[in-house]
Amino acid sequence: MTSTTHAPGVRIRDLTVVYRTPAGELPAVRGVDLELVPGTITGVVGESGSGKSTLALSLLNAVQPPGRIAAGAVEIDGLGDVLTLGGEDLRRTRGRQVGYVFQAAQNSLNPLKTIGKQLLDLGRSHDVADPRALVRDAKVLLARMGLDGGRVLDSYQHELSGGMRQRVGIMLALVLNAKVVVLDEPTTALDMITQATILRIIREVHEERELTTLVITHDVGAIAEVADGLAVMYGGRIVEHGPVRKVLATPRHPYTQGLIRAIPRLSGDISLARALPGRPPTLGTLPAQGCVFRERCERRLAVCDTDDPVVITRNGRSVACHAVERAAAVAMRKEYA
Ligand SMILES: Nc1ncnc2c1ncn2[C@@H]1O[C@H](COP(=O)(O)OP(=O)(O)O)[C@@H](O)[C@H]1O
Ligand code: SF4
Ligand SMILES: [Mg+2]
């Protein structure tokens, strides 16, 4: 297995992940294509249940039963298709090549061992030659996130607050110097100010180490500060993707527009902010055909009930929406008329 010295690219192709339910296997991620450009941070946003965590788990081939990756590929430069890895290769990849914080990672620490002991276990399981350097790096990372590294490493998980555990999780994701980092809601247990600080530190470390990073959050406001690209998920699909500032300034998909309207910080006017009506779908309520967003969409067309909108990419921006596509076609016809 070769390792890359520069930020690797990650290409998710036609990924479908299903969960077994009483109604049969239903897709939580469906036909997703997403490229993580080397050296960039990609933010993924979307309401709860959109499939964000399932997508994150797929990047490490870590979907557990009753879930199953039904189709697709996750190609990482230097590693190949992660979905074909198994056993020891996969174990070595996780942590060492792909660092990660899974959602609710603050609960995934071992309650019976100090954080320092768990750090050394992690190092040993990845054949780290110099445990002292590992501890030193861990302390530096913790100090950057405002914690007393020595004290944290001597602590048991129950002696740390939720926010402290979350920062321990981020440290563990970064400490083995993985070049691809996947962070699923890494800052949810933190207050707004600490959240912004931690995201800024993630950005700094990302730049210093030339990483390729995926950050999942339901805080669209916070992502603007850290991400380069933004992917918007709904009902297991990526409905819009593009440079973060462009997507936030001129959202095209009706779902993205609704998400942004709901945030006073982004809509610019508290009195204009309004919640997105309706509720996100569950696996059971997702329509089998047509647009997954149609029940909540103000621009719904007849075709939306029958045909899945395909992703159309123009000038680096991708959108999957019949109404957007139709408007673009009309604009184009006018231009040539
Ligand atoms: N272990 C599971 N068993 C059954 N359904 C699941 C399981 N995990 C997630 N799901 C379903 O898959 C969909 C996507 O979930 P998830 O990936 O956690 O979304 P998000 O992270 O965006 O909230 C949801 O409808 C969720 O209920
Ligand atoms: S495809 Fe149709 S229902 Fe879906 S977001 Fe676009 S207009 Fe709305
Ligand atoms: Mg999640």
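Predicted model: local features only at pLDDT ≥ 70, side-chain atom pairs only at ≥ 80, totals over all residues.
**View 1. Helices H3 and H4 cross in a right-handed sense.** Two packed helices are described by the angle between their axes and the distance between the axes. Here, helix H3 spans residues 115-125 and helix H4 spans residues 131-144; their axes come within 10 Å and cross at roughly 130 degrees. Because of this angle, H3 is oblique to H4. On the H3 side, the contact is made by Gly 116, Leu 119, Leu 120 and Gly 123, and on the H4 side by Pro 131, Leu 134, Val 135 and Ala 138. Sorted by class, the contact of H3 with H4 has 6 nonpolar and 2 polar residues, and no charged residues.

**View 2. An open sheet is formed by 4 strands.** Strands of a sheet pair through backbone hydrogen bonds, either parallel or antiparallel. In this sheet the order is S2-S1-S4-S5, and the pairing is antiparallel. Strand S2 (24-36) and strand S5 (80-81) stand at the edges with a single partner strand each, so one side of each is left without a neighbour in the sheet. The partner of S5 is strand S4 (residues 67-76), and the two pair in the antiparallel sense over 2 bridges. Glu 75 has Asp 81, in S5, as its bridge partner.

**View 3. Ligand 2 has 13 residues around it.** Of these residues, Cys 291, Cys 297, Cys 304, Cys 321 and Ala 323 come nearest to ligand 2. By class, the shell around ligand 2 comprises 9 nonpolar residues, 1 polar residue and 3 charged residues.

Notes. Residues numbered from 1 in each chain as written. Chains lettered and ligands numbered in written order. Axes fitted to C-alpha atoms, helices over the stretch in contact; angles between N-to-C directions. Parallel < 35°, antiparallel > 145°, perpendicular 65-115°, else oblique. Left-handed = near helix turned anticlockwise from the far one by under 90°. Contact = placed C-beta atoms within 7 Å. Nonpolar A, V, L, I, M, F, W, Y, C, P; charged D, E, K, R; others polar. Near = placed C-beta within 6 Å. Pairing = 2+ DSSP bridges.
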